[in-house]
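Please find below my note on the model under review.

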Amino acid sequence: MKEDESPEIPSYGIVIIGAGVSGLYQLYKSREIGVSALVLESGTDVGGTWYWNRYPGARFDSESYSYGYSFSQELLDEWDWQERFSAQPENLRYLQHVSNRFSLSEDIRFESIVTECIFDETCDEWEVHVEDGFRVRCRFLVTAIGILSKPLIPDFEGMDDFKGPSFHTARWPHDEVTFEGKRVGVIGTGATAVQLIQEVAKTSKQLTIFQRSPNWCAPLHNSPIESTEMADIRSRYDDIFERCRNSFSGFIHDSDRRRALEVSPEEREALYEELYASPGFGIWIGNFRDVLVDEQANATLTDFIAQKIRERVADPKLAEKLIPTDHGFGTRRVPMESGYYEVYNQENVLLVDLNETPIEKITTDGIQCSDREHPFDLIVYATGFDAVMGPYNSINFRGLNGRTLAEKWEAGPRTYLGLATAGFPNMFTLVGPHNASTFCNMPRCIEQNVEWVSTFIEQLFSSDIRRVDVEFEAEDDWTEHVHESAERMLFSKVDSWFMGVNKNIAGRDARTFMLYVGGLPRYTELCDEVARDSYRGFVMS
Ligand code: NA7
């Protein structure tokens, strides 16, 4: 090759970024519609969330059998779930099994961190750049990068000084980490920390939890699935998936048609007790239909859960510290637990309230708070993610006229159906912001997303259309619809990653809704309507 000659860039019909639940299915579907596809995955294996989040205690909050893919009868026939809420190792094995079953890895390039995607207006193709210098071109770019894939460690002073191991939960080492006889510090009390803390407390010599804000947690009630129960589940798969598709957020749970404020206090209490004693998210999304929209209704549930915490935590002062006072139950993501509150009754567990004694710095030996230093052998940052925007901002997407996606979404995402955005032609965002899959039992919405996008791409390939973009008006209408749907929910009255607020990131204090809470059935109907109406809202040329 001559010096001035650039090596030929491989070209595909579709490039998919990410080999998690959505990327794997998009690859499967791309093959089915006969379009060449390549997946670029930053990890060394498939699995996405279940590849990265290896911390002890990581598990589904979805009933396992409602989380698996529904598209393949063979898969449903041959995979036995072991637990009602399966843990990370099994979840990863499941996704590896899916990948092996359909030989998906053949079309996945691992250890490929995508840095830049540039739309070439001269030929209506994307050029995708990987950190190691690899480049690839494609007609359609599909992002399958998730919304909780960019871990965030706050910028604590002295972090590099700590002489023991320390890591973020989503970057957990692949080698086993033991807590036996160790002094462990955990920063954070979100859904991740709640799962982890219960495991660390079992064997550590001392566990110190640094809490900035308590969350409302509810019991998971996990249990093994025996083979007879699995056989029964298998015989009901059609009904299970049908039920999920028709429920508001893709779970087997759906709201009770009664209103909390309509029924007698006894009837209300009876449902709360029943749901608190039942497995899974029922207490959150299978509750009276007004508890997430009406503050007074929500207060009845909030009081009920607060009382449960008081009953479970022996020290009344400590119980009060674990009870949120700035938001009602369910208005932020509800961490699910199995004995979380009882951990605080253990002798070896200490809660540090960061509102009283903030962290000043990380030292060589541990964590220095305003009142004292806490020495540790291991520090875990369970400090969450740069949610929703983080994964998109990590890649330099350049659309028409060289405009970047980061510039376009600076004041919050603007999308059409949460699947595409104007000025970024031939690009689809699975589980993108303002997409129903953001508030969903993910695989149920992912299957909807992938199937819809694949049908569209198949039609585009069989036509002479080279470019598909979004009409600004359609985008404005969708964005407005997303905000309107959020406004009636109590989520919109509270700071959380749902609302794009992150105290660790400068400028992320204004609330703008990141998800879509119009419900899965309505979302599916709207997407189908758009398709039936010759893909109304898209401009094709
Ligand atoms: P979350 O829910 O964002 O939780 C992060 C936790 O870390 C939360 O308790 C934060 O407190 C805490 N945090 C963050 N920064 C700090 C600093 N600087 N100091 C002290 N504490 C801090 O992330 P998760 O990983 O638990 O869960 C993410 C999602 O994954 C979850 O919603 C599920 O859908 C799965 P804060 O509340 O900000 O005061």
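**Note on domains and ligand site**

1. Domain 2 and domain 3 bury about 1,100 Å² between them, and carbon and sulfur atoms give 57% of that area. Buried area here is the accessible area (1.4 Å probe) lost by two parts on being put together, summed over both. On the side of domain 2, Pro214, Tyr341 and Asn345 supply 47% of the area buried against domain 3, more than any other three residues.

2. This is a predicted model, in which local features need pLDDT of at least 70 and side-chain atom pairs count only at pLDDT 80 or more, whereas totals for chains, interfaces and linings use all residues. Residues are numbered from 1 along each chain as its sequence is written, and side-chain values use heavy atoms, with hydrogens and water left out.

3. The protein is divided into domain 1 (11-150 + 387-540), domain 2 (151-215 + 338-384) and domain 3 (248-329), with bounds from an automatic or database domain assignment. The centres of domain 2 and domain 3, taken over C-alpha atoms, are 28 Å apart. Their contact (heavy atoms within 4.5 Å) takes 12 residues from domain 2 and 10 residues from domain 3.

4. Three salt bridges are counted between domain 2 and domain 3, each a side-chain nitrogen of Lys or Arg within 4 Å of a carboxyl oxygen of Asp or Glu. Glu342 forms a salt bridge with Arg312, and the closest N and O atoms are 2.8 Å apart.

5. The ligand is surrounded by 21 residues, each with a heavy atom within 4 Å of it. The closest are Thr189, Thr192, Arg212, Ser213 and Asn504. Domain 1 and domain 2 each contribute at least three residues to this shell.

6. Oxygen atoms of the ligand lie 3.1 Å from a polar side-chain atom of Arg332, 2.9 Å from one of Arg333 and 3.4 Å from a side-chain N or O atom of Lys503. Taken alone the ligand exposes 780 Å², of which the protein buries 84%; these accessible areas come from the Shrake-Rupley method with a 1.4 Å probe.

Note on methods: Polar contact = N/O pair within 3.5 Å; in protein donor to acceptor, adjacent residues only side chain to side chain.
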